[in-house]
Every structure is written in C-alpha cells, then in structure tokens.
Amino acid sequence: MENAPIPTFRFDNYPQAEEPSPQPMPTETLEQLVVYRREDKFATCRQHIEVHRRQFYKLSMVEQGGGTFYLNDEEVTVTPYSVLLVKPGTALSWHLHDGPQTGLYAFFSADFYNAGLLPGYQLHAVLSGAAPYVYHACTEAEYATLRQSGEQLFAQQQQTEKARHHLRLLLTDLREWDEPTLSLSGTSGQLALVQQFQQLIEARLTAGEPAATLEFYADALCVTIKHLSALCRQATGQSAASLLKEKVMTEAKVLLTGTHLPVSELSYRLGFYDVAHFSRWFKQAVGQAPSAYRTQFATYK
C-alpha cells in the first residue's frame, strides 16, 4: 500500500508486535495472535499515537486508565473496566490518560479466529454491520468475567488451539454487547455479498485508490447494479449508492483530519474529477467546506 497516505501495518511490521515477547512463541502463532499486558507496553503505546491502520484486529481490555480514541471519523472515550475491539482497516489514533494503564490487549488475524468455523459463524458474520469498532463500558462483574478469559488467553498464547478457544469466549461476550443501529436481514449468501461490496470499497480507499463506480463493484461481484442495490437495501435499508457515498465520506473525513494532503490531492484520491466538485459534495453533506472541517478538527485534536 505504498500509495496510501495513512500507514497500514501488518503483523510483521507493526512496531509493538516487532518487539521481543517475554516468552518464545511459534512463528505461526506470532503471525496470527499476540497478547500483551498494557502496563508492560505503556511506553510503547504512548509513542504510537499518530493515525494509522492495521491489517488485523486489536482487542483491548482496559482495567485502569483509558483515553480518547479516534476511530475513522468517530471519537470514543475509553474508560476503566471497558473493552474495545478495533477492526482491520480502521484509521486509529489515541491520547491516553495520565496515570496507570493496566489490562490486556491482543492482536489477532481473522484467519486465526475463523479456523475451522462454518461461514455463518466466522468473525465477519457474527460482528454486526460495518461499524469500525465495538466498545463496551463494563460493570465490574462483567469485567471480572472477561478478565478470566483474558488471563487464560495471555497464559495460553503459545498453545494455538487453547488460545483460539479463549479468544472466542471473549468475543462471545463482546458480541452480546454489540448493538447494531440497524439489524441486517437476508440470507447468509446475500449478506456475504453486501459485506464483500463494502470491503471492496474500503480496500480501494485505504490503499489510496479512487473509490470507483458502482458498475466496477457490481462487475467484480458478478451481479448487476440493480441487483446489488436491491441486496443492499434488503440487508441494510440503504441503497448501494448510499453505502458507497457513506464510505467515501468517512474516508474524506479521515484524510482531512489525519493527513496534511492538500484538498486538491485528497479529492483526486477519492475519485472526484476536480476539487470544486469535491468541495460542493462535501459541504452539501457535512454543512462545512473541507478546509473549515479540517481546521476545526485539527484544533480540537
């Protein structure tokens, strides 16, 4: 992703995952799962606050501390006794609170979680919609339950099957708290196609490529535009065009607040034929010109 204006990390080049683990781990496990204590990595966490993306999931269990996290175009205040799951491709930065930071966090790949599961039980199917994260502020009793699974995940991370079991236990609890704004409907095949459509848009945008037309995505999925839009409406209540616009708008906000790209270059990256077209489109949707939006959020952050 050399063309991407926001750095995107893999397991093998993410700064926190490059550091030696206190215990040797099999190469296969390291590439798919690694678990740390937050207090052991506090200094490293503070060093990496600029906006970036990752090609893997991050699950944070925050016992003490927390902070302000910026996830795509959303701001989330993370409090003690909470859990945050950030999905791959999400533009992420943070400011941690002063004082102790304790708990656990894990990096894992979708392949690690999904191994041996039927499609309907895999991670993309059981986490609702296309939201970039799941966050839940726990009661102490809820967090105590999570802590048990988290400690087992930490202790068993060298044992692939045991670690996968404890990770699934953790995410089972998290899914119960994941309340979608709109329930998806349709058959598993229809939902999978709508998810693939959204993933194709995200993949192009995060790689720094223009969003492309609906015809491009319909051709890639071997369906007509009309059929794709009908499936999107059935699954999400929105047309394919509306979902595409939503994805492009989110990426526009991320690039405006997370990079110093000139608005002219930013508009080209998003697929607009000139900056005036982008500016009109953005102002109509947001109520502010791109430059005003950037100034407001740059000052705020």
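Student: How many bridges join S2 to strand S9 (residues 102–108)?

Tutor: There are 5 bridges between S2 and S9, and the two run antiparallel. Two strands count as paired if DSSP finds at least two bridges between them, so with 5 bridges S2 and S9 are a pair. One of these bridges links Leu33 to Phe108 in S9. This is a predicted model, in which local features need pLDDT of at least 70, side-chain atom pairs count only at pLDDT 80 or more, and totals for chains, interfaces and linings use all residues. Residues are numbered from 1 along each chain as its sequence is written, and side-chain values use heavy atoms, with hydrogens and water left out.

Student: What makes S2 an edge strand?

Tutor: The open sheet has 5 strands in the order S2-S9-S4-S7-S10. Strand S2 (33–37) and strand S10 (133–137) each have a single partner strand, so one side of each has no neighbour in the sheet. Strands are DSSP runs of E with at least two residues, helices are runs of H or I with at least four, and both are numbered from the N terminus.

Student: Which helix packs on that sheet?

Tutor: Helix H6 (residues 140–155) does, touching S2, strand S4 (57–64), S7, S9 and S10. Touching, or contact, means heavy atoms within 4.5 Å.

Student: Why is H11 called roughly antiparallel to H12?

Tutor: Helix H11 (residues 240–258) and helix H12 (residues 263–270) pack at an angle of about 150°. Angles run from 0 to 180 degrees between N-to-C directions, and the axes are lines fitted to C-alpha atoms, for helices over the stretch in contact. Under 35 degrees counts as roughly parallel, over 145 as roughly antiparallel, 65 to 115 as roughly perpendicular and the rest as oblique. The angle of about 150° therefore makes H11 roughly antiparallel to H12.

Student: Which residues make the contact between H11 and H12?

Tutor: H11 gives Val248, Glu251, Ala252, Leu255 and Leu256, while H12 gives Val263, Leu266 and Leu270. They divide into 7 nonpolar, no polar and 1 charged. Ala, Val, Leu, Ile, Met, Phe, Trp, Tyr, Cys and Pro count as nonpolar, Asp, Glu, Lys and Arg as charged, and the others, Gly among them, as polar.

Student: How do you know whether Ala91 is buried or exposed?

Tutor: Its relative accessibility is 1%. Buried means under 20% relative accessible area, exposed over 50%, and partly exposed in between (1.4 Å probe, protein chains only). At 1%, Ala91 therefore counts as buried. Ala91 lies in the loop between strand S7 (82–86) and S8, and the residues it touches include Tyr70, Leu71 and Val254.

Terms used. Lists of a residue's contacts leave out its neighbours within four places in sequence.
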